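Subject: Handover of a structure and summary of findings

Dear colleague,

Please find the structure below, followed by an account of what was found in it. I would be grateful if you would read the two together.

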Amino acid sequence: MATDLAPPPVKAAKVAGHKPDRARTLWRYRWLYLLLIPGLAYFIVFKYVPMRGLQIAFQDFVPFLGYNGSEWVGFKHFVDLFTGPDFGRLMYNTLYLAFLNVIFVFPAPIIVALMLNELRINILKRSVQSLIYIPHFLSWTIVASLTYILFSVDYGVLAGWVHEILGGQKIDYVAQPDWFRPIIILQTLWKTTGWTTIIYLAALAGVNHELYEAARMDGAGRWRQLWHVTLPAIRPTIVVMAILMSGNLLDMSFEQIWLMTNNLNRATADVFDTFVFYVGINQGAFSYATAVGLFKGVVGVLLIFGSNWLAKRLGQRGLF
Amino acid sequence: MSVNQYRSVGSRIFDAINIAVLVGLGMITLLPLLYVLAGSFASESEISSRTFFLWPEKFVTSTYEYIFATDVFIRALLTTIGVTLVGTVIQVALTLTMAYPLAKRYLPGRTLVLNLVIFTVVFSGGIIPTYLVVRDLGMLNSYWALILPLAINPFYLIIVKSFFQELPEALEEAARIDGATEMGVFFKIVLPLSKPIIATFSLFYAVGIWNDYMSPLLYIDDSSKWTLQVLVRQLTGADAQNALSALETVFFPTQGLKFAVVVIATLPILCFYPFLQKHFVKGVLIGSVKE
């Protein structure tokens with residue numbers, strides 16, 4: 001009944017034709033279109049104009065000469081990237097972290113949500129939930145600072161305690177390349193797990209209770225109910241979250257990684273996003289950095305469409 | 001509902017372990033924050049010897065007194081508050097005005113605009129091209145660079161649009177019959193009905209700007225325009241000593257300072273947290289419902 005809700009219709013057109021029709025539509029909804037303009041302007045200026053700027057990945061961009069004056073060099077920067085010494089290291093570091101994310105970060109909220117779901121002391125359930133949501137609202141700078149305060153050798157409490165209790169060498173965890181990945185994963189777990197449980201808890205709240213009744217009648221214990229009722233019920237949610245995650249597979253959280261990177265752990269720390277910033281902004285290699293960013297962006301799009309296609313092939317509802 | 005299944009030994013052990021693990025998770029979340037809070041009130045000697053844990057033996061406020069007597073800190077705090085307030089108003093205004101027309105199913109061109117918005121979630125120009133646009137607009141070292149490039153969060157936009165679609169349409173229709181203009185309907189009917197969601201997303205946007213570190217890192221070189229997050233980073237990072245050489249005359253990076261500045265940057269978030277919590281579950285849930 002959408003048309004009923006529209007503003008009062010104007011008189012029918014006297015002259016048929018495409019153009020006047022369009023003009024009339026514009027005039028009829030002029031206030032709505034007017035409201036739309038500022039937001040649309042935002043998306044054009046800050047999202048679509050930068051897409052035009054991607055062309056500098058195929059140029060030797062000189063800011064002074066601009067987009068039109070700079071020389072076109074084709075795929076030179078991509079060739080440099082793929083054959084250069086950075087690519088292997090960036091790909092390895094990025095994929096390694098992505099892999100650790102899939103193994104540890106992705107299942108964590110599912111497990112916590114299932115555990116919370118089994119908790120029948122309501123006040124305890126709500127207290128734990130309130131606590132584990134908090135880190136989501138703290139900035140990565142705060143999380144990084146907490147990490148430095150807890151882990152660094154100078155004033156880190158954990159480093160100090162571990163040294164006092166276990167003895168041995170005092171380890172400067174935040175400066176060790178080997179400790180970079182564990183620290184990043186711990187940070188991500190701490191900051192994101194609680195928040196993501198909300199989505200799974202919502203899915204769990206929607207499970208039909210008669211299914212549990214039926215399972216119990218059939219003699220299913222708590223484990224079997226979990227396996228045969230609860231998990232299948234939240235499977236669509238898990239699939240959607242997996243698709244969303246796959247698109248972001250190469251998108252390590254820039255702020256997080258950047259904040260934890262220092263000259264000592266750069267070998268394991270550099271990922272595509274921080275590399276783009278480092279090479280582009282700090283060293284001024286705009287074109288090369290843009291080529292790196294474009295490569296990452298295209299792979300991300302392919303991943304999200306690919307996993308969506310896969311999800312549908314496997315009989316699940318995809319995102320689109 | 002049958003309770004028998006919970007009486008078996010295995011079931012009880014499961015419950016006990018479950019409770020222990022979940023309480024443990026809650027503690028792990030809370031302890032670092034409490035530790036930093038305690039540390040910010042501890043004396044320098046207690047921090048270096050780490051004799052305090054959740055309560056300092058000697059309770060001192062000298063670190064805070066020192067911080068609040070420092071221009072650099074006050075300026076960063078005021079900058080952050082100002083940018084957060086102005087930015088949130090702009091973000092909420094732009095989100096609401098864009099979401100309203102997009103909620104009108106009969107509006108020609110609506111699908112096109114929605115697709116344009118969603119496409120930016122999947123694909124973007126990336127860091128460098130966006131940086132060049134901001135630079136070409138002359139916004140480097142301007143507070144606008146912290147606000148305008150983030151003016152609309154597409155996810156929030158879609159959620160607000162869904163919310164507007166759920167509003168009872170009869171109300172708007174009645175107002176139109178009474179002679180209200182489209183603008184009148186939006187300002188007098190729709191916005192007053194949307195107070196809860198406006199509150200929710202105001203808080204979300206405010207937290208986003210308050211916490212933003214990437215924008216100042218990209219767009220602000222001038223240390224007199226630093227925000228609180230940049231200052232936190234400069235004071236507590238691994239390279240704090242080097243980064244601070246420029247500021248050495250005003251700041252002596254004592255350990256207590258690191259604790260206190262983290263507390264101050266976190267406190268507003270924690271103060272607003274109860275209000276956030278009231279709304280966010282609903283916000284997330286509306287967002288996760290597919291159209």
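Accessible areas come from the Shrake-Rupley method with a 1.4 Å probe, and for residues only the protein chains shown count as cover.

This is a predicted model, in which local features need pLDDT of at least 70 and side-chain atom pairs count only at pLDDT 80 or more, while totals for chains, interfaces and linings use all residues. Residues are numbered from 1 along each chain as its sequence is written, chains are lettered from A and ligands numbered from 1 in the order in which they are written, and side-chain values use heavy atoms, with hydrogens and water left out.

The two chains

The secondary structure of chain A consists of 17 helices and 2 strands; helices (H or I, at least four residues) and strands (E, at least two) are DSSP runs numbered from the N terminus. The C-alpha trace of chain A spans about 90 × 70 × 35 Å along its principal axes. Its radius of gyration is 26 Å, whereas a compact globule of 320 residues would have a value near 20 Å. That radius is taken over C-alpha atoms, and the globule rule is 2.2 Å times the number of residues to the power 0.38. Of the 320 residues in chain A, 50% are buried; buried means under 20% relative accessible area, exposed over 50%, and partly exposed in between (1.4 Å probe, protein chains only). Among contacts (heavy atoms within 4.5 Å) in chain A between residues at least 6 apart in sequence, 62% join residues at least 24 apart.

Chain B has 15 helices and 0 strands. Buried residues account for 52% of its 291 residues. Of the contacts in chain B with a separation of 6 or more, 69% are between residues 24 or more positions apart. The accessible surface of chain B is about 13300 Å², with 68% belonging to carbon and sulfur atoms.

Helix packing

Two packed helices are described by the angle between their axes and the distance between the axes. Here, axes are lines fitted to C-alpha atoms, for helices over the stretch in contact, and angles run from 0 to 180 degrees between N-to-C directions.

One pair joins the two chains: the axes of helix α17 (residues 286–313) of chain A and helix α6 (residues 127–136) of chain B come within 9 Å and cross at roughly 130 degrees. That angle makes α17(A) oblique to α6(B); angles under 35 degrees count as roughly parallel, over 145 as roughly antiparallel, 65 to 115 as roughly perpendicular and the rest as oblique. On the α17(A) side the contact is made by A:Phe286, A:Ala289 and A:Thr290, and on the α6(B) side by B:Ile128, B:Pro129, B:Tyr131, B:Leu132 and B:Arg135. These residues divide into 6 nonpolar, 1 polar and 1 charged. Ala, Val, Leu, Ile, Met, Phe, Trp, Tyr, Cys and Pro count as nonpolar, Asp, Glu, Lys and Arg as charged, and the others, Gly among them, as polar.

A second pair lies within chain A, where the axes of helix α8 (residues 122–133) and helix α11 (residues 177–205) come within 7 Å and cross at roughly 130 degrees. This makes α8(A) oblique to α11(A). A:Gln129, A:Ile132 and A:Tyr133 of α8(A) meet A:Gly194, A:Trp195, A:Thr197, A:Ile198 and A:Leu201 of α11(A). The contact of α8(A) with α11(A) has 5 nonpolar, 3 polar and no charged residues.

In chain B, helix α13 (residues 228–236) has 9 of its 9 residues buried, so it is largely enclosed by the rest of the structure.

Individual residues

A:Leu100 lies in helix α6 (residues 86–105) of chain A and is buried, with a relative accessible area of 13%. Not counting residues up to four places away in sequence, A:Leu100 touches A:Val105, A:Arg181 and A:Ile185. A:Trp309, in helix α17 of chain A, counts as exposed at 52% relative accessibility.

B:Leu54 is in the loop between α2 (44–49) and α3 (62–68) of chain B and is partly exposed, at 36% relative accessible area. B:Asn141 lies in the loop between α6 and α7 (144–147) of chain B; its phi is near 60 degrees, a positive value in a residue other than glycine.

Yours sincerely
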